[in-house]
Number of protein chains: 2
Amino acid sequence: MAFTTTIARAQDPLPSWNDFPAKQSIITFVEKVTKPGSPHFVPVPERIATFDNDGTLWCEQPLPVQAFFAFDRVKTLAPKHPEWKTQEPFASVLKGDYKAALGGGDRAILELFMATHAGMTTAEFEQIVRDWIATAKHPKTGKLYTEMVYQPMLELLAYLRANGFKNFIVSGGGIEFMRPWAEKVYGIPPEQVVGSSIKTEFGMRDGKPVLTRLPELNFNDDKGGKPVGINQHIGRRPIAAFGNSTGDKEMLEYTQAGSGARFELLVLHDDAVREYAYGPALGLPNVTLGAFTQALYDQAQKDGWTVVSMKNDWKRIFAFEK
Amino acid sequence: MAFTTTIARAQDPLPSWNDFPAKQSIITFVEKVTKPGSPHFVPVPERIATFDNDGTLWCEQPLPVQAFFAFDRVKTLAPKHPEWKTQEPFASVLKGDYKAALGGGDRAILELFMATHAGMTTAEFEQIVRDWIATAKHPKTGKLYTEMVYQPMLELLAYLRANGFKNFIVSGGGIEFMRPWAEKVYGIPPEQVVGSSIKTEFGMRDGKPVLTRLPELNFNDDKGGKPVGINQHIGRRPIAAFGNSTGDKEMLEYTQAGSGARFELLVLHDDAVREYAYGPALGLPNVTLGAFTQALYDQAQKDGWTVVSMKNDWKRIFAFEK
């Protein structure tokens with residue numbers, strides 16, 4: 001009996017986290033809400049945790065992974081679209097000038113995504129994503145994108161799951177872009193993935209029912225859209241939320257506004273050696289989609305949100321580090 | 001050991017079902033997909049079952065329950081809307097002429113729903129539904145609506161759950177109208193409810209983040225919308241689907257089109273004594289929302305869908321029957 005207790009205590013649930021306040025704040029919260037008889041106890045069905053994906057669970061630099069996917073799709077589809085050679089944003093993509101391709105504003109980005117993400121069935125798109133993610137490599141590390149996930153966050157997901165939490169992804173990224181690999185990589189099944197989406201339409205093809213992906217935005221799961229998506233998909237307010245940018249602010253606010261014990265965490269990208277350092281809160285440029293602003297940092301301090309320094313709080317960032 | 005086996009066999013998982021082919025078809029399917037080593041074995045995470053609600057899990061006559069909710073809301077809100085006394089469809093509702101109120105077509109029905117389902121926060125709406133469902137009674141039986149659920153279907157839900165299935169509601173009814181009571185009544189948590197919805201908007205009220213319900217349709221979860229809603233919320237194709245009307249046809253087709261063992265079932269309302277008898281397949285009138293057409297019946301025969309006769313297959317329909 002005593003032996004078992006020693007073993008259990010010796011098993012650190014978060015071995016890639018340094019024993020600093022961020023780690024302690026997580027453990028304190030989890031113990032508080034799971035201890036029977038505690039005034040902060042939360043029943044298992046209500047233990048909902050929501051996670052942003054890009055920059056929170058995996059690397060979003062030098063660009064969000066889904067952008068690389070879109071670029072590769074443009075290259076694959078280019079032979080069928082000779083007009084793309086001179087038509088932006090496709091021409092820039094084909095020249096390898098990704099900065100120019102994304103510099104054309106929201107409308108150009110939307111056009112790029114619709115041209116590469118719509119027009120096929122949902123089953124076909126799933127297969128396209130599966131095939132791509134199985135081989136596509138990060139431009140700096142040469143690792144598979146699915147290896148560019150944060151080891152400390154994988155441990156956190158497992159720790160929460162072991163404590164009766166249901167983990168959801170709530171991402172501005174495409175819901176159907178994440179589902180094909182999220183279960184294997186994060187242990188998060190498709191029905192626990194919330195994301196942005198395009199419209200789909202039911203119809204018959206060769207006598208078989210199919211869902212066709214239409215080039216029309218259905219839902220933008222970012223900023224104020226995140227609480228909307230959470231309400232739509234989950235129907236319960238999370239008791240814990242994890243993000244890394246201004247796109248996650250409303251999700252954390254919405255989580256905190258519930259009654260009872262709550263937990264909010266932001267990942268700060270301040271490790272230029274092992275990953276990337278970016279964001280105005282560090283006096284660094286406001287890169288695409290990854291803005292950790294000074295205002296967000298101030299709000300975290302004021303509202304008691306945990307801020308994780310990747311440089312200081314994480315012993316390892318990626319599993320492939322030795 | 002032998003004793004245990006006898007006990008297990010003696011425990012009929014579907015005691016309110018007569019031992020007719022419909023019951024046998026359910027048990028055969030469940031045993032087939034859950035038996036390790038069986039060529040039809042389906043891993044637990046893929047055991048997704050989807051259920052229509054109105055007319056499949058609970059009574060939808062003389063009108064869908066949500067219509068009675070809307071009528072009661074009109075009466076409650078009427079003092080603030082003196083113009084409703086002469087304005088349709090509200091005037092008919094206030095006179096108690098529900099048939100006329102619903103007879104004004106889709107636009108009148110939409111107006112009725114927006115006036116009664118929008119304009120408050122999601123938390124306020126949840127409380128309104130909770131309060132109403134706690135006391136509102138069925139006009140014929142005088143029972144609570146939550147007692148008007150089909151006992152054989154409750155047993156089926158429990159049987160599937162005990163065999164590793166995840167049960168989802170996929171209903172044309174309002175998602176936020178079902179969630180407040182579905183967990184208690186059906187054992188189906190909010191995140192496993194898919195339904196029609198209106199748009200919501202994130203904002204701050206008195207410094208607190210809230211979601212406000214807007215008078216604008218977001219999603220119509222009926223007919224071809226059901227596979228769309230399933231893909232959006234669940235992201236996996238069900239292996240079993242249960243319905244009772246033409247609104248469920250596409251959901252059953254989509255379910256059946258997957259590979260491996262599949263199961264589809266339609267409930268036929270043919271018991272005028274214990275419940276209601278309706279639908280063209282019985283040569284009876286095509287009542288609102290509850291159409292079991294002859295074409296649907298023929299398709300069920302052709303495609304091997306199980307058709308449940310409430311009159312013959314169910315020993316008991318409601319738990320309150322003796």
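Modeller: Helix 3 of chain A and helix 6 of chain A cross with a left-handed sense. The model is a predicted one. Helix 3 covers residues 65–77 and helix 6 covers residues 105–117, and their axes come within 9 Å, with a crossing angle of roughly 60°. Angles from 65 to 115 degrees would count as roughly perpendicular and those under 35 as roughly parallel, and the two helices are therefore oblique to each other. On the side of helix 3 of chain A, the contact is made by Gln66(A), Ala67(A), Phe69(A), Ala70(A), Phe71(A), Arg73(A), Val74(A) and Leu77(A). Helix 6 of chain A contributes Leu112(A), Phe113(A), Ala115(A), Thr116(A) and His117(A). By class, the residues of this contact divide into 9 nonpolar, 3 polar and 1 charged.

Turning to chain B, 7 strands form an open sheet there, in the order 4-3-2-1-5-6-7, with mixed pairing. Strand 4 (208–219) and strand 7 (306–309) of chain B are at the edges with a single partner strand each, so one side of each has no neighbour in the sheet. From one strand to the next, the twist averages 30°. Within this sheet, strand 1 (residues 48–51) and strand 5 (residues 240–243) of chain B run parallel and are joined by 3 bridges. Phe51(B) has Phe242(B), in strand 5 of chain B, as its bridge partner.

Note on methods. Residues numbered from 1 in each chain as written. Chains lettered and ligands numbered in written order. Predicted model: local features only at pLDDT ≥ 70, side-chain atom pairs only at ≥ 80, totals over all residues. Heavy atoms only, no water. Axes fitted to C-alpha atoms, helices over the stretch in contact; angles between N-to-C directions. Helix = DSSP H or I, 4+ residues; strand = E, 2+ residues; numbered from the N terminus. Parallel < 35°, antiparallel > 145°, perpendicular 65-115°, else oblique. Left-handed = near helix turned anticlockwise from the far one by under 90°. Contact = heavy atoms within 4.5 Å. Nonpolar A, V, L, I, M, F, W, Y, C, P; charged D, E, K, R; others polar. Pairing = 2+ DSSP bridges.
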